[in-house]
Amino acid sequence: MAGPLDGIRIVDFTTMIAGPYSTMILADQGAEVIKVEAPVASDHARRAGYSQRHFSAAFVNNNRNKRSIAIDVKQPAGHQLLLDLVRTADVFVQNFRPGVMARLGIDEPALRQINERLIYVSMSGWGEKGPWSHKPVYDPIIQAISGLASIQAGSDSSRPRLIRTILPDKLTGVTSAQAISAALFARERTGKGEHVKLSMLDAVVAFLWSSDMGSQTFVGKEVDVAAAATFIDLIYETKTDYISVSVMTNDQWQHFCEAVERTDLLEDERFKNPAGRDRFADERLNLMQEALLTKSATEWLDILEEKGVPCAPVLRRHEMIHHPQVQASEIVVKTEHRHAGTLRQARNAAMFEGAPTEIRYGAPHLGEHTEEIVYELGYSESELSQLLEQGIVTRLNNQSDDVATG
């Protein structure tokens, strides 16, 4: 069945993770996404990390439900082909450094001239102005400068730590997908296109502010975070394995103390309210850890669950996919990829009862749909042959997993 974005055409001129993840979210929700790559310097994610049968996990997990066309947009005929494609599009998404699109002749002003209703999305690391706007950037760099690495450390006096997932990349993708949906909704009201701009830095800073920047919120009343409450991982060791326990309310704290048979802690003045438990977090968490060492993980989870204390096992990746709650949610699904075989992936997290999302097809080979897209744009067979002979476009050689020019 068609998803809620059925009928929307998106030209995906992005690489790596942030851009492709953004457009895949929209593709999962029904949009037609056409991924445009250079014939030679294709998306680096195709060659990154663990691979099977010419497909990397990074690529298949960020590019499903898309069609692929390989165009050399630096050549006049390739540039024209891209313009012809953009004329048919609702959205154009790019994630190159400021200035690159202008040099290619496909920046927002250029494409606006041929498609007034276009939603043009500019994703970048730093934004389009400022002393660092033209610097190269990767996820760890944003984690460092945004304060995220310091927050992950637990306090300003501890050694900064990276989150072991590319949160800035993926968060920027989610932010972009939401912004595109908002821009499309606004266009329905106004009939006008929009230039959406966002950076990885801005996405992370905005994300952090809701819960991690309280010390800098009240102007003139800033707090030295190093001297404020210490926040450490709520991961506890038991006799057998690790569990997570989180107590926020007074009732939860009481029930925890009862569960571990430390009701004497309920009389401790340091822990009688949430403010005190935050202020003396190190002391409280160390006492909790001491108590939890006395039984196995399974025993504690049963006891804490019965008391209504929020808790969970700490699962490894291969364990998580088999947990009963994960299986009940059906978030992890198996699909058959035409070239790569059976895949296990996460479906789109948002479910729409009236317009269900689906994985219609897997991530494409480079140029897998070049022919059909070119024909859809009205090009003749002889015109396609000429583009192929000149190397301006490439297509998938149906006899192998390789890409050939003709």
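Analyst: **Charged residues, on the surface and in pairs**

E305 is found in helix α13, which covers residues 297-307 (helices are DSSP runs of H or I with at least four residues, strands runs of E with at least two, both numbered from the N terminus). The model is a predicted one, in which local features need pLDDT of at least 70 and side-chain atom pairs count only at pLDDT 80 or more, whereas totals for chains, interfaces and linings use all residues. Residue numbers start from 1 along each chain as its sequence is written, and side-chain values use heavy atoms, without hydrogens or water.

With a relative accessible area of 56%, E305 is exposed (exposed means over 50%, buried under 20%, and partly exposed in between, with a 1.4 Å probe and protein chains only).

Side chains of opposite charge can pair when their charged atoms come close. The structure has 21 salt bridges in total, each a side-chain nitrogen of Lys or Arg within 4 Å of a carboxyl oxygen of Asp or Glu. One of them joins the side chains of R64 and D28, with 2.7 Å from N to O. This pair brings together distant parts of the chain, since R64 is in the loop between α2 (57-60) and β5 (66-71) while D28 is in helix α1 (residues 18-28), and the two are 36 residues apart. R64 is buried, because its relative accessibility is 3%, and D28, with a relative accessible area of 3%, is likewise classed as buried.

Another salt bridge connects R316 with D241 through their side chains, with 3.9 Å from N to O. R316 comes from the loop between β11 (311-313) and α14 (317-320), and D241 from the loop between β9 (235-237) and β10 (242-245), so this contact ties together parts that are 75 residues apart in sequence. Here the arginine is partly exposed, as R316 has a relative accessible area of 44%, and D241, at 26% relative accessibility, is also partly exposed.

R270 makes a salt bridge with D268, in which the closest N and O atoms are 2.8 Å apart; at 29% relative accessibility, R270 counts as partly exposed. Beyond these pairs, a network of salt bridges links R9, E32, R67, E372 and E376.

E261, a residue other than glycine, has a positive phi, near 60 degrees; it is located in the loop between α10 (250-259) and α11 (274-279), and its relative accessibility of 70% makes it exposed. E330, which is not a glycine either, has a positive phi of about 55 degrees. The place of E330 is the loop between α15 (324-329) and β12, and at 55% relative accessibility E330 is exposed.

Strand β12, at one end of that loop, covers residues 332-337 and pairs in the antiparallel sense with β13 (residues 341-346) over six bridges, where pairing requires at least two DSSP bridges between the strands.

As for the whole chain, the secondary structure amounts to 17 helices and 15 strands, and the C-alpha atoms fill a box of roughly 85 × 50 × 40 Å along the principal axes. Of the 406 residues, 43% are buried. A102, in helix α4 (residues 100-104), is partly exposed at 45% relative accessibility. From A102 to A153 the separation is 51 residues in sequence and 40 Å in space, C-alpha to C-alpha.
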